[in-house]
Amino acid sequence: MKEQQKINELELKINREKQKLDKKLTRQKILLGAFLIETLEKNEVEKLREYVANNLDDFLTRESDRELMSDVIEKLKKISNKNNEIDYNGDKHTDDDTLVANIADTGLPVDEDNMFVED
């Protein structure tokens, strides 16, 4: 009976360690996701929005995940397309109202001068 008790104790210990590891991995994924979202919102990495918009759907394997992320993907595609349509080098004239509208479409916070601000 002592051997069975030791086995049971070891199994409990293994299960507790697995739970700790699962929690750690989940926390890491949440933090990485939060970092990525902030990076996308601030457009800190050139072409990242476009890359995510074009590849996230293929990465997702479950239909419920695709449905959950469809709004995000569409918003990123819309922002990426608008940014690609604007040429700030003078090849294509863009008036101030269009620029303000494009800034507003990003969903990022702006001040009264339409300058991006931190939340």
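L32, F35 and L36 together form a nonpolar patch on the surface, with about 320 Å² of accessible area. Such a patch is made of residues with over 30% relative accessible area and no salt bridge, where nonpolar side chains (Val, Leu, Ile, Met, Phe, Trp, Tyr) are joined within 5 Å and like charges within 9 Å. The accessible areas come from the Shrake-Rupley method with a 1.4 Å probe, and for residues only the protein chains shown count as cover. Helices are DSSP runs (H or I, at least four residues), numbered from the N terminus.

The model is predicted, with local features needing pLDDT of at least 70 and side-chain atom pairs counting only at pLDDT 80 or more, while totals for chains, interfaces and linings use all residues. Residues are numbered from 1 along each chain as its sequence is written, and side-chain values use heavy atoms, with hydrogens and water left out.

**Salt bridges**

A search of the whole structure finds six salt bridges, each being a side-chain nitrogen of Lys or Arg within 4 Å of a carboxyl oxygen of Asp or Glu. Side chains of opposite charge can pair when their charged atoms come close.

| Pair | N to O distance |
|---|---|
| E17 and K20 | 3.6 Å |
| E38 and K42 | 3.1 Å |
| R66 and E63 | 3.9 Å |

E17 and K20 both lie in helix α1, three residues apart, which is about one turn of the helix. E17 is partly exposed, with a relative accessible area of 43%, whereas K20 reaches 54% and counts as exposed. E38 and K42 also belong to helix α1, where they are four residues apart and so separated by about one helical turn. In this pair E38 is partly exposed at 39% relative accessibility, and K42 is partly exposed at 35%. An α-helix has 3.6 residues a turn, so residues three or four places apart point the same way.

R66 is partly exposed at 25% relative accessibility, and E63 is partly exposed with a relative accessible area of 48%. Both residues also belong, with D57, to a network of salt bridges.

Most residues other than glycine have a negative phi. N43, although it is not a glycine, has a positive phi of about 50 degrees, and K47, likewise not a glycine, has a positive phi of about 70 degrees. N43 is partly exposed, with a relative accessible area of 37%.

Which residues of helix α2 (residues 48-59) are buried? They are L48, R49, V52, A53 and L56. These residues cover an arc of only 135 degrees around the axis, which puts them on the same side of α2; the arc is that of the directions from the helix axis to the C-beta atoms. On the other side of α2, Y51 and D58 are exposed.

How values were computed. Buried < 20%, exposed > 50% of the residue type's maximum accessible area, 1.4 Å probe, protein only. Helix = DSSP H or I, 4+ residues; strand = E, 2+ residues; numbered from the N terminus.
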